[in-house]
Amino acid sequence: MVILPQLRVIDTPRGPLTYTLTRKAVKNLNLRIRSGNEVMVSVPLRCSVRQADDFVREKSGWIFDAVERLESRMAEPLPPVSRVECAQRLSEALTRVYPLVAPLGVAFPALKLRDLKSQWGNCHWLQGYITLNTALARCPEELRDYVALHELVHFLCHDHGPGFYARMDALMPDWRRRRKALKGYSGALEHKTKGSESI
């Protein structure tokens, strides 16, 4: 019997993590990161999906650190962005992707900008606003759009459960590629946008 590899997405303390699960005739649970930062996990045939998810979640800190180290070697340097440019770029990103969720009943949120240490953005759905990291303004447009949509979808799905990923798949089918590309700009989180402030 051939057991095909399975793409899995799990929640971790540092955010969602995608990995490829393969069952084979091995004795131990094995983890490796291939070129392109693809996380590969092979497990014994008798191992359950839940055990595999728990294993990856337990190793998630090491995985994120390893991927960040690899991507920091590849990430292109990003030019500085003024406060005015920052506000304009992030406002435009929100405006571009909002029509995707408007038919679903999401009201246009207020936007705040912050120098966040470890997040690209977050959603305050009860208060009706989202926060975007000023460092995001230094990233390519398609990545700004991805983060803006990610936060907007949280008005519909407040956690990173299956419903959230289903919405992202429907609204932005290539969001996983964009998320992977965004990880290559993690160094931007360490460089604050000059003169940035909340708006």
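Me: Which residue does R176 meet in a salt bridge?
Reply: This is a predicted model, in which local features need pLDDT of at least 70, side-chain atom pairs count only at pLDDT 80 or more, and totals for chains, interfaces and linings use all residues. Residues are numbered from 1 along each chain as its sequence is written, and side-chain values use heavy atoms, with hydrogens and water left out. A salt bridge places a side-chain nitrogen of Lys or Arg within 4 Å of a carboxyl oxygen of Asp or Glu. At 2.7 Å from N to O, the partner of R176 is D169.

Me: What is the relative accessible area of D169?
Reply: Buried denotes under 20% relative accessible area, exposed over 50%, and partly exposed the range in between (1.4 Å probe, protein chains only). R176 is partly exposed at 26%. D169 is also partly exposed, with a relative accessible area of 32%.

Me: How many residues apart are D53 and R8?
Reply: D53 and R8 form a salt bridge, with their closest N and O atoms 2.4 Å apart. Helices (H or I, at least four residues) and strands (E, at least two) are DSSP runs, numbered from the N terminus. D53 lies in helix α1 (residues 49-58) and R8 in strand β1 (residues 6-12), so the pair links distant parts of the chain. Their separation is 45 residues.

Me: Is R178 buried or exposed?
Reply: R178 meets D174 in a salt bridge of 3.1 Å, N to O. D174 is partly exposed at 26% relative accessibility. With 14% relative accessibility, R178 is buried.
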